[in-house]
Amino acid sequence: MEVTIFIKSLQDTEKLAKIISGNLFPGFILGLTGDLGSGKTTFTKYLAKNMGILDIINSPTFTILKIYNSNLDLYHMDVYRLENIGYDYELDDYIYGEGVSVIEWYQYILNMLPKELLKIAINVNNSGERVITINGEGRYEKIVKDISYRYSN
Ligand SMILES: Nc1ncnc2c1ncn2[C@@H]1O[C@H](COP(=O)(O)OP(=O)(O)OP(=O)(O)O)[C@@H](O)[C@H]1O
Ligand SMILES: [Mg+2]
């Protein structure tokens with residue numbers, strides 16, 4: 001299932017993050033894709049906030065992985081630097097762990113990921129609006145439905 005929504009402000013990003021935060025489960029995997037500066041880390045910050053994480057969320061580009069403890073732990077990954085490598089086996093324990101994995105540039109490590117995950121693609125259009133395409137199958141399908149019911153501009 002796929003849904004497309006429009007994000008016009010940081011408030012909209014927070015609204016989306018809030019809907020998704022209400023649907024998390026242990027082992028949840030969220031893949032984010034979109035150009036440099038499209039808002040992947042910003043979305044993750046709002047998700048973390050709605051997961052009850054009070055720490056400041058910075059981009060993990062140079063560390064690849066940052067871990068935040070909460071009711072459900074958050075594993076925030078940015079795998080941009082794995083573009084030409086395609087894997088990093090140290091991430092495996094987290095991707096298949098009990099927390100929530102949020103993976104910026106997930107398309108670079110597709111072969112490490114299970115078939116089912118929630119995929120979010122961010123495209124900034126000419127008027128600065130963010131066009132967000134969200135895909136999910138299997139246990140993620142009902143989350144896509146929930147977003148399409150509850151998110152409206
Ligand atoms: N919904 C939004 N409305 C307005 N500005 C936004 C929105 N989302 C993100 N931005 C701004 O865009 C800039 C870049 O955002 P961010 O760092 O989240 O991008 P990114 O996709 O993680 O980039 P990178 O590919 O470098 O990791 C920030 O200054 C942020 O405030
Ligand atoms: Mg980022």
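## A tour of the aromatic pairs

Start at K15: its charged end sits over the ring of Y151, 4.7 Å from the centre. A charge sits over a ring if NZ of Lys or CZ of Arg is within 6 Å of the ring centre and within 35 degrees of the ring normal. This is a predicted model: local features need pLDDT of at least 70, side-chain atom pairs count only at pLDDT 80 or more, and totals for chains, interfaces and linings use all residues. Residues are numbered from 1 along each chain as its sequence is written, and side-chain values use heavy atoms, without hydrogens and water.

Next, select R139. Its charged end sits over the ring of F25, 3.8 Å from the centre.

Stay on F25 and bring up the ring pairs. The structure holds 8 aromatic pairs (rings of Phe, Tyr and Trp, its six-membered ring, with centres within 6.5 Å; planes under 30 degrees apart are stacked, over 60 edge-to-face, the rest tilted). F25 and Y140 have ring centres 5.5 Å apart and planes at 45°, so this pair is tilted. F25 is buried at 11% relative accessible area, and Y140 is buried at 2% (buried is under 20%, exposed over 50%, partly exposed in between; 1.4 Å probe, protein chains only).

Now move to Y80 and Y108. They form a tilted pair, 6.3 Å centre to centre, with 50° between the planes. Which of the two is buried, and which partly exposed? Y80 is partly exposed, at 33% relative accessible area. Y108 counts as buried, at 19%.

Technical notes. Chains lettered and ligands numbered in written order.
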